[in-house]
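I opened my notebook to look up a few things in this model. The sequence and structure come first, then my entries.

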Amino acid sequence: MSNKFFSQGRWQEAIAQYQKLIEIESTDADIYWNLSHCYRQLNLLDEYFNTLQEGIKLYPTDGRLHFSLIIDLRRNGRIQEAILSAENAAKCLPNDYTFQILKYLTVPSTYENKEEINFYRQRFTQGLQYLIQHTSLQTTEEQNSALAGIGRLTNFYLSYQAQNDLELQSQYGKLVHKIMAANFPQWCVPLSIPKLQHQEKIRIGYISHYLHSYSGTLWLTGWLRHSNHESFEIYCYYIGNEPDKVTEQFKEYSDVFHHIPHNLSAACEQIIADKLHILVFPEIGMNPQTMQMAGLRLAPVQCTAWGHPVTTGLPTIDYFLSSELMEPENAQEHYSEKLIRLPNIGVSYPKPYIPPVIKTRSDFQLPDDAVIYLCCQAPFKYLPQYDFIFAKIAHRIPQAKFVFLRGTLLQPRLKRAFAAIGLNSEDYCVFLSIPERLDYLMINLLSDVYLDTFTWSGGNTSLEAIACNLPIVTCPGEFMRGRHSDSFLKMLGVTDTIAENEAEYIDIAVKLGLDQSWRGIIAEKMSQNHDRLFDDKACVVGLEAFYKEVCSKHFSA
């Protein structure tokens with residue numbers, strides 16, 4: 001009965017049945033796993049964590065229970081508990097490499113203060129050294145365990161500390177490559193580029209877990225749509241399994257489309273069989289299986305792009321396809337790959353469809369007379385050293401409302417920042433959960449100003465805000481990942497809202513809030529210049545020139 005309710009998504013009824021089973025001690029690990037899942041679906045986090053912990057006490061070698069506990073404690077800002085749980089898991093399952101990674105490389109998703117960033121970076125650095133020194137790949141069991149471990153995790157959160165990650169990424173990348181080479185030595189040998197026969201096309205492959213509607217790959221549809229099919233044969237490899245309308249676009253724009261979900265060996269065999277000249281990963285670092293495959297040598301030339309805008313550190317990735325407008329002068333110092341600066345923003349982003357305004361502020365419980373500042377980034381993009389900016393703006397604009405779409409983890413920090421200048425954050429900060437797409441666009445259309453994040457700026461969110469003609473305040477950072485919005489606005493020719501420092505950022509945000517006519521001028525200018533930014537073909541011409549140049553270099557060699 002409990003499993004029937006569970007399979008039907010009747011969470012409350014399933015909980016009642018599972019609890020009866022626990023009362024009569026008729027349990028196994030699955031009961032605790034399923035019960036915890038019910039609580040998670042209902043967002044009852046205390047009950048969720050307690051159930052996992054109770055299950056672990058009874059079934060200490062069940063890896064699922066440990067893994068979910070660690071990952072979700074971190075996701076919910078409970079980092080010390082996450083690390084203690086990882087240490088416990090490593091004791092209970094000493095031969096499971098997953099928990100070695102979690103024990104040594106877990107960093108927070110958000111930070112309480114700037115000092116915490118330095119503390120956890122140092123901890124990660126030391127942990128990585130230990131992991132590198134103590135990773136044994138002598139036996140088949142050790143090789144399989146290490147392979148499974150890196151197949152469940154990436155070091156995604158490291159790059160949100162706003163520092164140069166080249167050294168740490170390179171060390172981690174070499175470790176990934178070593179594990180992949182131990183498991184698949186046949187796919188780690190250098191490949192010579194196939195000679196082009198008369199009138200033969202250059203074969204370009206694109207591989208991703210996310211060839212569906214996803215922020216890190218949506219721009220790729222533009223590269224494919226505008227590609228020159230007379231010179232290039234396009235292969236796409238979809239290794240995820242959430243096909244949708246965007247997947248259909250990838251199929252349409254490809255000469256060959258392979259859907260090989262969750263099967264690393266089969267995907268690798270297909271890529272090798274297709275004898276590509278160049279293989280491109282639109283993003284590396286978001287999905288573990290993609291990271292594993294990128295640690296192999298599946299094509300003579302392998303590239304990544306800025307779907308995840310951080311160096312991979314992998315010795316098997318030759319080029320990083322970036323943007324001339326985003327990269328600072330010294331950018332090569334941030335990459336293990338050879339940096340290629342493609343024209344403009346480097347991608348051909350399709351202009352989003354923006355519906356007419358069919359809702360009002362009251363539909364979202366937002367006051368009509370407020371100055372609404374949209375703060376729509378993921379919580380891990382907000383670093384604590386910039387919390388004061390919201391309070392400073394509020395101090396000068398009493399009717400300000402900061403609308404956070406996924407920022408509940410930030411509430412305690414914002415409370416402190418506002419209290420520091422005698423304000424109550426609850427008077428200014430509104431926390432909404434991410435709505436359906438239509439409502440998300442409505443909130444953009446009903447807001448007054450978009451506040452970009454420091455050090456890691458908006459990508460898709462900024463492009464969609466531009467499509468809604470919502471003025472953006474941004475301040476370019478040290479690394480490419482902090483310069484997306486800056487480059488979009490420069491390409492638009494709307495640069496008045498780009499700040500050089502924090503003080504200027506506050507001034508621009510305040511001026512936009514107070515001066516409605518200036519806000520209107522900015523919005524109008526954005527509206528008139530959309531064609532400069534969206535569906536850019538110049539970057540595709542640059543990309544294909546790079547492909548031809550790389551192939552000719554290899555042929556002559």
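For this notebook, contact means heavy atoms within 4.5 Å. I am working with a predicted model, where local features need pLDDT of at least 70 and side-chain atom pairs count only at pLDDT 80 or more, while totals for chains, interfaces and linings use all residues. Residues are numbered from 1 along each chain as its sequence is written, and side-chain values use heavy atoms, with hydrogens and water left out.

**Entry: helix α12**

I take helices (H or I, at least four residues) and strands (E, at least two) as DSSP runs, numbered from the N terminus. I call a residue buried under 20% relative accessible area, exposed over 50%, and partly exposed in between (1.4 Å probe, protein chains only). Which residues of helix α12 are buried? In α12, residues 245-253, I found Val246, Thr247, Phe250 and Tyr253. Seen down the axis of α12, these buried residues fall within an arc of 130° (taken over the directions from the helix axis to the C-beta atoms), so they line one face of the helix. A reminder to myself: an α-helix has 3.6 residues a turn, so residues three or four places apart point the same way. On the other side of α12, I noted Lys245 and Glu252 as exposed. What covers the buried residues of α12 includes α11 (220-225), β2 (232-238) and β3 (256-259).

**Entry: Ile271**

I next looked up Ile271, which sits in helix α13 (residues 264-273). Ile271 counts as buried because its relative accessibility is 0%. Leaving out residues up to four places away in sequence, Ile271 touches Ile207, Tyr237, Leu276, Leu279, Met293 and Leu298. I also checked Met442: Ile271 and Met442 are 171 residues apart in sequence and 42 Å apart in space, C-alpha to C-alpha.

**Entry: strand β4**

Strand β4 covers residues 278-281, and both of its faces are covered. I found Ile278 and Val280 buried on one side, and Leu279 and Phe281 buried on the other. Two strands pair if DSSP finds at least two bridges between them. By that rule, strand β1 (residues 202-208) pairs with β4 in the parallel sense over three bridges, and Ile204 has Ile278 as its bridge partner. β4 also pairs with strand β5 (residues 301-305), parallel again, over four bridges. There Phe281 stands opposite Thr304. From β4 the chain crosses through helix α14 (residues 288-294) to β5, and this β-α-β crossover is right-handed (with the strands pointing away from the viewer, the path from the first strand over the helix to the second runs clockwise).

**Entry: the five-stranded sheet**

What is the strand order in the open sheet of five strands? I read β10-β9-β8-β11-β12, with parallel pairing. The edge strands, each pairing on one side only, are β10 (429-431) and β12 (472-473). Strand β9 (residues 400-404) pairs with β10 in the parallel sense over three bridges, and Phe402 has Cys429 in β10 as its bridge partner.

**Entry: cysteines**

How many disulfides does the structure hold? I counted zero, a disulfide being a pair of cysteine sulfur atoms within 2.5 Å. Cys268 is in no disulfide, and the nearest cysteine sulfur, that of Cys188, is 9.4 Å away. Cys268 is buried, at a relative accessible area of 0%. The sulfur of Cys468 is 10 Å from the closest cysteine sulfur, in Cys376, which is too far for a bond. Cys468 is buried too, with a relative accessible area of 9%.
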